[in-house]
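This report considers aromatic contacts and pockets. Please inspect the sequence and structure shown here.

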Amino acid sequence: MLDKINLIQSGFDQDIQNVKSLDDLEIIRIKYLGRKGNIAELFEEFKTLSKDEKPKYGQTLNILKNNCQSKFDEVISKFEAPENGAGSYADLTIPPRVREIGTSHILTQTLNEMKSIFKGLGFSVYEGPELESDFYNFTALNFPPDHPARDMQDTFFVTPEFVLRTHTSPVQIRLMENKKPPLRAIMPGKVYRNEAISAKSYCLFHQVEGLYVDTDVTFAELKGILVYFLKQFFGADIKFRFRPSFFPFTEPSMEVDIWWTPEGKQGRWMEILGCGMVDPNVLKNVNIDPEIYTGYAFGMGVERIAMRKYGIDDIRVFFDNDKRFLKQF
Ligand code: DAH
């Protein structure tokens, strides 16, 4: 028995020294440490020994087993976690996972470009809340009590008194309440309308409001600044027209249309903004004397402006969050 133990020990020692791969190790494991390996066989033989003989060999046999197992563990751990990575299971040729990097939404990019044009003209940026009281959204802007825009069809009423703002014009009121003229600011933000959703209209969109209040502000200045904006934003050959219009908070009022030929369709005029001279009633509502001050205001639709610039003919794509669309910008 003792001879056999020594033989196995020296055989194992020799084999383990010559190991070159995990496959070699597996062969050794089966040969010596497996359930039917040499050592297991010896233990079977050990069972058949007489009571007197057992104590003689039991301890030596256990030492053999533990010796072999710990040497084996030591060698296999070197193969599995080598210091320099050589021979490890990690496949260093696998291409790395590509991390997707986001970009600004096209509306954010459009807004930023609009802001930078107006900042260059001396306008600051001012913001107001999206949840507005009926007073700011309508009353202070000179909407008569029975004006159709207050109707449930256009306006999302949150409570009888509070609405999701239907335009950015209420921010004009907040600005004029908080600061004294001269005032020159743009007011970008989201607006909400309870409209049937289609390629042309969505329940949510963005506007950039503009306001300039000072002594002697003229309609000619309003036209001048809008033409400058259009040419800066779209290029010098942009085709546009001014069209008389009506808003409760401006007098006179007009709208600006730009010419657009969507791909594969007939050319048409598209309205992109409303504007006018601030109505004296509005100035009075915020305690600015209309005898001393005049002002102009405008409100631009950001989605339509982006649609014209980038050739997008369905407003809904801005809000779908389809990466195939978003990634193009
Ligand atoms: N608030 C108007 C709208 O949502 C747009 C507008 C028209 C804004 C005339 C103005 C303005 O500031 O002067 O349709």
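Which residue lies over the face of Phe 233? Lys 309 does, at 4.2 Å from the ring centre.

## Basis of the model

The model is predicted: local features need pLDDT of at least 70, side-chain atom pairs count only at pLDDT 80 or more, and totals for chains, interfaces and linings use all residues. Residues are numbered from 1 along each chain as its sequence is written, and side-chain values use heavy atoms, without hydrogens and water.

## Charges over rings

Besides Lys 309 over Phe 233, Lys 65 lies over the face of Phe 43, at 5.9 Å from the ring centre. Such a charge has NZ of Lys or CZ of Arg within 6 Å of the ring centre and within 35 degrees of the ring normal.

## Aromatic pairs

There are 20 aromatic pairs in the structure, counted where ring centres of Phe, Tyr or Trp (its six-membered ring) lie within 6.5 Å. The centres of Tyr 212 and Tyr 296 are 5.5 Å apart with planes at 70°, so this pair is edge-to-face (planes over 60 degrees apart). Both residues are buried, that is, under 20% relative accessible area with a 1.4 Å probe, protein chains only.

Ring pairs join Tyr 212 and Tyr 296 into a cluster with Phe 118, Phe 123, Phe 229, Phe 233, Phe 234 and Phe 298.

## Lining of the largest pocket

The residues lining the largest pocket divide into 17 nonpolar, 14 polar and 9 charged. Nonpolar covers Ala, Val, Leu, Ile, Met, Phe, Trp, Tyr, Cys and Pro; charged covers Asp, Glu, Lys and Arg; the others, Gly among them, are polar. Lining residues have an atom within 4 Å of a point on a 1 Å grid over the protein atoms alone, a pocket being an open set of points where a 1.4 Å probe fits, with protein on both sides within 12 Å along at least five of seven lines.

Notes: Phe/Tyr/Trp six-rings, centres within 6.5 Å; stacked < 30°, edge-to-face > 60°. Buried < 20%, exposed > 50% of the residue type's maximum accessible area, 1.4 Å probe, protein only.
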